[in-house]
There are 2 protein chains.
Amino acid sequence: MTATIDPTTDLYPTRLPQPGEAFNREHPTVWGSPDDGPFDTAALEAHEQRGFTILEDFITASEVDEFSAELHRLSTDPTLAGDPRVITEKASGEVRTVFEVQKLSESLAALGRDPRLLDRARQLLGSDVYLHQTRVNYMPGFKGTGFYWHSDFETWHAEDGMPAPRAVSCSIALTQNYPFNGGLMVMPGSHRTFVPSVGETPEDNHASSLKEQKIGVPSEDVITTMATQFGIDQFTGAAGSALWFDSNIMHGSGNNITPFPRSNIFMVFNSVENALTEPYAAPAARPQHIANRDFTPLR
Amino acid sequence: MTATIDPTTDLYPTRLPQPGEAFNREHPTVWGSPDDGPFDTAALEAHEQRGFTILEDFITASEVDEFSAELHRLSTDPTLAGDPRVITEKASGEVRTVFEVQKLSESLAALGRDPRLLDRARQLLGSDVYLHQTRVNYMPGFKGTGFYWHSDFETWHAEDGMPAPRAVSCSIALTQNYPFNGGLMVMPGSHRTFVPSVGETPEDNHASSLKEQKIGVPSEDVITTMATQFGIDQFTGAAGSALWFDSNIMHGSGNNITPFPRSNIFMVFNSVENALTEPYAAPAARPQHIANRDFTPLR
């Protein structure tokens with residue numbers, strides 16, 4: 001499927017002065033066909049309907065070990081202390097996220113080009129793709145805090161100038177995701193609904209929003225309506241599982257009082273036909289390490 | 001089974017000046033036999049091993065409605081505003097818990113004497129029983145905060161003078177417990193281990209501990225060891241389900257960012273042969289509405 005995305009028209013107005021109605025998006029979720037990659041017809045249909053797909057054993061146990069060691073190396077690298085790509089936990093100061101890992105790690109850069117990821121990303125998005133954002137996340141046991149409900153695309157559109165929801169995220173678990181240790185919750189089917197948020201984006205919003213998002217989140221009424229309509233699913237599974245999810249799916253996570261930490265690799269693929277333009281609803285574009293502006297197709 | 005409990009000897013020393021070793025308790029979990037009540041041999045054995053039992057459809061749908069209305073009535077009763085039995089959420093001020101409901105509600109008093117509860121409580125504890133503590137809990141959607149890992153018995157022993165873990169709690173869900181809306185997590189089998197806590201009990205500790213427990217909780221090392229040894233289960237199920245759990249089981253709950261609130265009735269039965277004495281590790285006994293000192297057997 002091909003659809004021309006005209007970046008000069010804002011099809012997803014958000015950060016509005018007054019609450020706006022949620023609406024059904026016109027852009028598809030799956031842009032490719034079964035001939036284009038590893039997902040078969042049923043898998044693509046399910047992904048279009050639900051907005052996410054969980055693949056068990058997506059990477060091997062030895063790869064889990066390798067990437068876990070890489071995460072540990074990055075989060076303790078003294079040369080990265082104070083680097084804006086390193087995000088710390090608000091309360092404890094522990095490293096929670098490292099961004100732009102394809103530039104900091106050869107093995108993670110290779111993973112972004114691995115056919116297991118690249119072929120699926122190209123198939124779902126129906127075009128060549130590039131990495132819009134990458135990161136590794138570490139949520140510690142006992143004091144891991146969660147993330148409130150949000151759509152990633154709402155932020156990428158408003159603050160990064162991503163024209164349409166033609167992007168897909170791949171989250172690879174490096175630890176077991178139990179139902180009770182702060183794993184991702186998604187509302188299946190919610191990706192078809194765009195929810196405009198209320199309030200102007202402050203300058204340098206990302207400096208605080210990466211720790212705790214306050215702008216760009218839906219109202220409690222909207223979340224209640226959507227949770228009642230769509231229900232809530234959880235991304236559970238062994239280390240090595242992958243969750244592929246649409247850029248506009250409503251998702252969030254609770255806190256983690258268990259001793260079981262949770263870490264993952266997170267890679268966002270965007271279609272090269274959906275390259276970033278100026279932010280649609282923010283005073284300035286976010287930095288390169290959060291919103292990549294090198295749109296060279298991955299090979 | 002009969003066992004003499006000598007209240008003059010402190011068999012469960014806690015609130016210690018230095019960390020003490022966890023130890024296996026000698027008191028049984030199940031004191032009665034299959035002939036004594038509704039639980040059959042297998043159910044009693046499972047309860048002894050795991051320390052908890054979940055019973056679906058424990059009360060009917062119309063009882064769920066009736067008790068939910070009663071909870072609503074109690075939490076909005078203007079004559080109870082400022083009553084020490086009414087506990088509010090730390091952040092929002094919303095009513096979170098109402099204690100001693102058997103004195104505030106005829107229907108809840110009747111529930112405490114209902115054969116479905118009373119026969120099981122008597123069977124598990126092998127004697128006549130009374131209500132040590134009762135409450136209704138309301139955890140709102142979006143901002144419900146959880147409770148850190150703890151053993152109830154540790155507190156009841158230290159602060160209420162309960163000699164032995166010969167008490168059992170019955171939690172009846174008035175809303176659906178999903179895996180993701182802050183329901184109870186338990187460590188199956190952990191009830192056999194007593195974990196002394198560290199630190200002297202401050203005066204009036206209960207005034208703050210009912211909102212957020214800081215004294216009487218195990219160390220992260222102990223929780224990690226126990227979670228690895230025992231694993232973690234969740235109390236999930238439809239409204240009307242009941243969880244029966246031993247007074248010493250390690251349990252906790254996460255927060256709730258979903259729109260789905262969670263409410264329940266909580267009744268603690270204690271053996272009349274295990275009546276309260278002076279607190280074992282606190283400057284003064286807690287108030288009557290938290291630790292009932294009327295040991296008259298329920299009929």
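Which residue forms a salt bridge with B:Arg15? The partner is B:Glu154, and the closest N and O atoms of the pair are 2.8 Å apart. The two sit in distant parts of the chain, 139 residues apart: B:Arg15 in the segment before β1 of chain B, and B:Glu154 in helix α6 (residues 152–160). Please keep in mind that this is a predicted model.

**Salt bridges**
- The count over all chains comes to 34 salt bridges.
- B:Arg15 is buried at 6% relative accessibility, and B:Glu154 is buried at 2%.
- B:Arg192 and B:Glu48 also form a salt bridge, with 3.2 Å between their closest N and O atoms.
- B:Arg192 lies in the loop between β8 and β9 of chain B and B:Glu48 in helix α1, so this pair ties together parts 144 residues apart in sequence.
- In chain A, the side chains of A:Arg116 and A:Glu63 meet at 2.6 Å, N to O.
- Because A:Arg116 belongs to helix α5 and A:Glu63 to helix α2, their contact ties together parts that are 53 residues apart in sequence.

**Strands of chain A**
- Four strands form an open sheet in the order β6-β12-β8-β10, with antiparallel pairing.
- β6 and β10 stand at the edges with a single partner strand each, so one side of each has no neighbour in the sheet.
- Two bridges join β8 to β10, and A:Val186 stands opposite A:Asp233.

**Strand β5 of chain B**
- This strand (residues 129–139) is mostly covered, with nine of its eleven residues buried.
- β5 pairs antiparallel with β4 over three bridges, where B:Thr97 stands opposite B:Asn137.
- β5 also pairs antiparallel with β13 over ten bridges, and B:Arg135 has B:Phe266 as its bridge partner.

Definitions and conventions. Residues are numbered from 1 along each chain as its sequence is written. Chains are lettered from A and ligands numbered from 1 in the order in which they are written. This is a predicted model: local features need pLDDT of at least 70, side-chain atom pairs count only at pLDDT 80 or more; totals for chains, interfaces and linings use all residues. Side-chain values use heavy atoms; hydrogens and water are left out. Two strands pair if DSSP finds at least two bridges between them. Buried means under 20% relative accessible area, exposed over 50%, partly exposed in between (1.4 Å probe, protein chains only). A salt bridge is a side-chain nitrogen of Lys or Arg within 4 Å of a carboxyl oxygen of Asp or Glu.
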